[in-house]
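Colleague: I would like to learn how to read a few features of a model. Could we take them one at a time?

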Amino acid sequence: MEGQEKRPYSDAAFMDSKQEMDLLVSKSLAGREVKPNVLFANLEKTTKALSSGMVKWSRKNSLWPMQFGLACCAIELMDFGSSRIDAERRGFLMFRATPRQCDVMIVAGWVTKSIVPEIKRLYEQMLSPKYVIAYGECATCGGPWFESYNIMKGIDQVLPVDVYVAGCPPKPENLFGALVKLQKKVGGEVEV
Amino acid sequence: MRFDRYEDRANLADALEQMKAKGFSYLEKITAVDYKDHMEALYFLVDIEKNENELIKVRLENSSLWLPTVMELFKSADWYEREMAEMFGITIRGRKTERLLLEKWDGIDPPLRKSFVWGQEYRNREQKG
Amino acid sequence: MQITRINIGPIHPSTHGVLRLIVDLDGDTIEKVEPHIGFLHRGVEKLVENRMYMQNHVYMEKMDYVAPLAVDELYVATVEEAMGIEVKERAQYIRTIELELQRIASHLFFIGTLCNDIGNLFTVFIWCFADRDRVLRLLETATGSRMFYANMRLGGVKQDFPKGFEEDVLDCMDYIEKRTKEYERFLEKNPIFMERMKNVGILSSEDAIEYGISGPTLRASGIDYDTRKNHPYYAYEKASFSTQVLSRGDSFARYKIRVMEIRESINVIRLAFKKMPEGDAIGMPVKLVPPPIKKNEVIVRRELPRGENMMYMVADKKGPYRLAMRSAIFVSMAALDHIARGHKLADLFAIMGSLDFVMADVDK
């Protein structure tokens with residue numbers, strides 16, 4: 001490739017096309033001596049931050065859970081929704097029975113092989129973005145029924161799980177802490 | 001338990017009918033135990049007014065595992081017999097035995113027999129007995 | 001006559017647990033109900049044979065998860081009878097008091113979920129859970145855990161009552177007595193509740209004995225049979241205890257009898273505290289080599305909040321050879337077909353709510 005004139009920019013900048021465009025624009029503007037408009041640049045930045053931040057804020061503060069109590073952890077889930085540890089003060093209200101209106105599925109109780117097709121069907125009926133919390137040890141890893149012939153060893157063999165809560169059963173305060181962690185994940189404050 | 005006697009399979013229906021006429025009209029449980037060379041089926045009966053309990057055992061050899069049904073005498077025997085048939089593999093003659101508890105279970109031994117061994121790889125101490 | 005077959009699927013907000021019902025309907029009237037169970041089956045009777053005696057509490061407590069202390073006590077009493085160990089006297093009174101507290105918590109749970117199923121009376125649900133939380137806090141100070149208490153040891157309990165426990169319990173019992181009067185006053189004047197519960201799901205006394213039903217359901221149909229009275233154990237003879245019987249057999253009687261049982265439990269607790277002796281109540285610690293077995297086959301019966309449970313055990317040297325469990329709710333599920341014929345579809349949930357079943361006990 002002799003005889004070609006030397007390129008004005010390096011190879012590393014060529015790889016990133018946005019950087020390349022910036023370089024080209026600044027090169028062309030440099031000859032014109034126009035001062036960039038600070039007001040419009042800041043306005044664009046703030047509206048972008050406001051809109052995506054507002055969407056994330058509203059999504060994380062109004063997560064509606066689905067009633068999925070299978071076994072003993074469902075009793076603590078009912079206690080979580082009633083008056084001492086109030087789930088509604090962080091937006092976790094409206095335990096709905098239909099999956100079309102819900103964001104979070106809290107799997108509480110042990111999962112047997114007979115009920116796995118129903119769980120998959122309900123998960124596919126939920127609208128994205130959707131999240132799953134595995135509540136208790138039976139949903140995390142099989143629990144005390146690890147050696148049984150009819151049990152799935154954890155719900156994460158079937159569905160993707162976001163937060164695991166350990167305990168048998170975990171106290172409702174533990175579920176509240178898991179809820180706060182899930183809210184941080186939905187709001188983008190935690191690196192996934 | 002106060003009385004505990006063995007019956008033959010052929011006399012079973014007559015013996016239970018006699019007990020029902022004597023006042024033992026509450027059938028509490030039908031279950032079975034797997035000793036390795038034979039099996040025993042157990043019938044628990046209760047007399048509510050006089051507070052007495054009785055246990056009738058039937059011995060079954062491994063080559064002929066069947067029992068007659070007692071569903072006409074006691075209505076609670078229906079689901080107990082279905083559970084015993086599914087868990088131990090004992091056929092109940094006189095009715096259709098369908099599955100009760102396990103769905104989608106193909107071609108494996110009845111679970112509660114001693115010959116069905118499950119989960120040995122999770123345990124690091126030897127099997128007792 | 002045209003029959004429609006509908007499926008009330010496994011995951012439903014009004015079935016207490018995971019149960020599939022296939023209902024044949026003629027218009028709105030029920031012709032046949034067929035329950036399909038087994039969605040929570042994990043084979044407890046097989047798992048128990050692989051463990052030693054005192055490692056098995058963990059499996060037993062999860063059988064009836066609304067009243068776990070009662071099932072644990074039934075199992076430990078079976079093992080004690082096989083080994084010929086006697087329970088110390090102060091521990092008998094402690095066990096009685098804890099069992100009655102567990103019975104009050106379980107009946108409050110029943111009232112709350114029944115009202116939730118019937119007309120979405122969510123207020124009563126929240127009240128009942130707040131009161132049940134106070135009783136669970138008492139059990140937490142006595143045993144250390146809110147829901148699964150492994151408190152029973154051979155011959156006694158794991159730890160004695162702390163100081164000041166008696167005043168706390170008696171305060172709480174006064175509060176709960178006042179609250180049951182409020183529940184009755186609120187619910188028995190509510191036209192929705194009365195219309196849906198009176199004369200619905202009548203079970204006659206002959207049918208109840210034929211189907212093998214026990215517990216409050218049997219006593220609401222007119223038969224006076226209670227294991228605490230007929231085969232008394234622990235402190236039930238000394239704390240004078242009387243059974244409650246109603247004779248109508250409909251859903252309202254099944255609800256009312258549990259409210260009456262809450263009051264009877266409060267009386268038993270007060271009398272037991274007056275008569276409790278001083279002494280040592282702590283049982284044997286758990287060891288790798290258990291005491292020797294004296295009896296090979298044992299049968300023990302106890303009265304749980306939902307009925308009469310029984311355990312039959314064939315004992316081996318280190319662990320049970322065969323443990324057969326009878327649960328009181330297994331037969332109520334079989335009798336559901338007989339009770340619900342001829343009613344409308346909306347009455348099915350009132351009947352199921354008043355029979356009070358827990359699905360983990362049905363599929364062992």
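**Reading strands, backbone angles and charges**

Modeller: B:Ala41 has B:Val58, a residue of β4(B), as its bridge partner. Note that this is a predicted model.

Colleague: How do the two strands run, and how many bridges join β3(B) to β4(B)?

Modeller: Strand β3 (residues 38-47) of chain B and β4(B) run antiparallel, joined by 10 bridges.

Colleague: Which backbone values deserve a second look?

Modeller: Most peptide bonds are trans, and most residues other than glycine have a negative phi. The departures are what to list. One is in the hairpin of β3(B) and β4(B), with four residues between the strands: B:Asn51 takes a positive phi near 65° there.

Colleague: Where does C:Asn199 lie, and what is its phi?

Modeller: C:Asn199 is in the chain C loop between α7 (191-197) and α8 (205-211). Its phi is near 60°, positive although the residue is not glycine.

Colleague: Are C:Asn199 and C:Tyr234 buried or exposed?

Modeller: Buried means under 20% relative accessible area. C:Tyr234 counts as buried because its relative accessible area is 12%. C:Asn199 has 46%, so this residue is partly exposed.

Colleague: Which peptide bond is cis?

Modeller: The bond from A:Cys168 to A:Pro169 is cis, its omega being near -10°. A:Pro169 is in the loop of chain A between β4 (163-165) and α7 (172-186).

Colleague: Last, charges. Which residues form the negative surface patch?

Modeller: The patch consists of C:Glu166, C:Glu167, C:Asp168 and C:Asp171. To join a patch, a residue needs over 30% relative accessible area and no salt bridge. C:Asp168, in helix α6 (residues 165-187) of chain C, is partly exposed because its relative accessible area is 43%.

Note on methods:
Residues are numbered from 1 along each chain as its sequence is written. Chains are lettered from A and ligands numbered from 1 in the order in which they are written. This is a predicted model: local features need pLDDT of at least 70, side-chain atom pairs count only at pLDDT 80 or more; totals for chains, interfaces and linings use all residues. Side-chain values use heavy atoms; hydrogens and water are left out. Patches are made of residues with over 30% relative accessible area and no salt bridge: like charges are joined within 9 Å, nonpolar side chains (Val, Leu, Ile, Met, Phe, Trp, Tyr) within 5 Å. Accessible areas come from the Shrake-Rupley method with a 1.4 Å probe; for residues, only the protein chains shown count as cover. A salt bridge is a side-chain nitrogen of Lys or Arg within 4 Å of a carboxyl oxygen of Asp or Glu. Lys and Arg count as positive and Asp and Glu as negative; His and the chain ends are not counted. The place of a charge is taken as NZ of Lys, CZ of Arg, CG of Asp or CD of Glu. Buried means under 20% relative accessible area, exposed over 50%, partly exposed in between (1.4 Å probe, protein chains only). Two strands pair if DSSP finds at least two bridges between them.
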